[in-house]
Amino acid sequence: MAFSVAWNSLLRGGDNTDSPLRTSFMGSKKGFTVVELAMALVVAAILIGIVTQAFGDVQNRFAAQQGLQLFESMHARARAHAVEGGVTTQLWVDTPGDSVWITRRGVTMESVRFDEELGVEITGSPNYFRLCMGPRGFGDSDCTTFSSTAKLNFAQADRSLSVVILPLGQLVYP
């Protein structure tokens with residue numbers, strides 16, 4: 001009976017305020033029904049899920065980008081240390097250890113552990129290599145441990161960015 005009253009009211013375009021479907025548990029005819037509240041919660045939960053997933057994707061992309069930018073700055077600082085000091089400076093990369101460091105005359109000047117500091121994993125080929133920067137700011141092929149190219153990937157979750165390092169120290173973005 002209550003359903004037919006509400007259905008007829010809906011078909012006529014009117015609002016039957018005496019409908020039992022519009023009454024709450026306390027008998028008052030004001031406020032929202034349990035069904036309306038449940039639907040609002042379901043819609044809110046769906047929207048929160050979409051926003052959370054999108055935010056996670058953005059965080060992963062920015063973390064991978066930050067890892068690449070940190071490597072670029074380490075590369076530039078190794079070159080600057082070589083030019084300023086007038087001696088060969090070495091940029092070491094250890095992909096299994098997710099770390100990069102700069103040495104000059106056997107002394108470690110700077111180091112970064114990407115996994116600990118940024119949550120970014122480094123992969124690449126070769127796994128472990130050294131790039132030497134000469135006093136003029138160019139790569140020293142006699143000291144560098146790779147002969148053709150080295151490729152590094154900076155990844156977090158499903159996002160990754162890559163850089164290719166040439167033997168003379170240039171960075172190329174595939």
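Ile50 has its place in helix α2, which covers residues 34-85; helices here are DSSP runs of H or I with at least four residues, strands are DSSP runs of E with at least two, and both are numbered from the N terminus. The model is a predicted one, in which local features need pLDDT of at least 70 and side-chain atom pairs count only at pLDDT 80 or more, while totals for chains, interfaces and linings use all residues. Residues are numbered from 1 along each chain as its sequence is written, and side-chain values use heavy atoms, with hydrogens and water left out.

With a relative accessible area of 51%, Ile50 is exposed, a word kept for values over 50%, whereas buried means under 20% and partly exposed lies in between (1.4 Å probe, protein chains only). Together with Val42, Val43, Ile46 and Leu47, Ile50 forms a nonpolar patch on the surface, with about 460 Å² of accessible area in total. Such patches are made of residues with over 30% relative accessible area and no salt bridge, where nonpolar side chains (Val, Leu, Ile, Met, Phe, Trp, Tyr) are joined within 5 Å and like charges within 9 Å. A salt bridge is a side-chain nitrogen of Lys or Arg within 4 Å of a carboxyl oxygen of Asp or Glu, and accessible areas come from the Shrake-Rupley method with a 1.4 Å probe, only the protein chains shown counting as cover for residues.

## The chain and its open sheet

The chain holds three helices and eight strands, and from the N terminus on its elements run α-α-β-β-β-α-β-β-β-β-β. Of its 174 residues, 30% count as buried.

Four strands form an open sheet with antiparallel pairing, in the order β3-β2-β1-β5, where two strands pair if DSSP finds at least two bridges between them. The edge strands, β3 (107-113) and β5, each pair on one side only. Within the sheet, β1 (residues 89-94) and β2 (residues 99-104) pair in the antiparallel sense over six bridges, and Trp92 has Trp101 in β2 as its bridge partner.

## The disulfide

A disulfide, defined as a pair of cysteine sulfur atoms within 2.5 Å, joins Cys132 to Cys143, with 1.9 Å from S to S. The pair links distant parts of the chain, 11 residues apart, with Cys132 in strand β5 (residues 128-133) and Cys143 in the loop between β5 and β6 (150-156).

The torsion about the S-S bond of Cys132 and Cys143 is about -45°, and therefore the disulfide is left-handed. Cys132 counts as buried because its relative accessibility is 0%, and Cys143 also counts as buried, at 14% relative accessibility.
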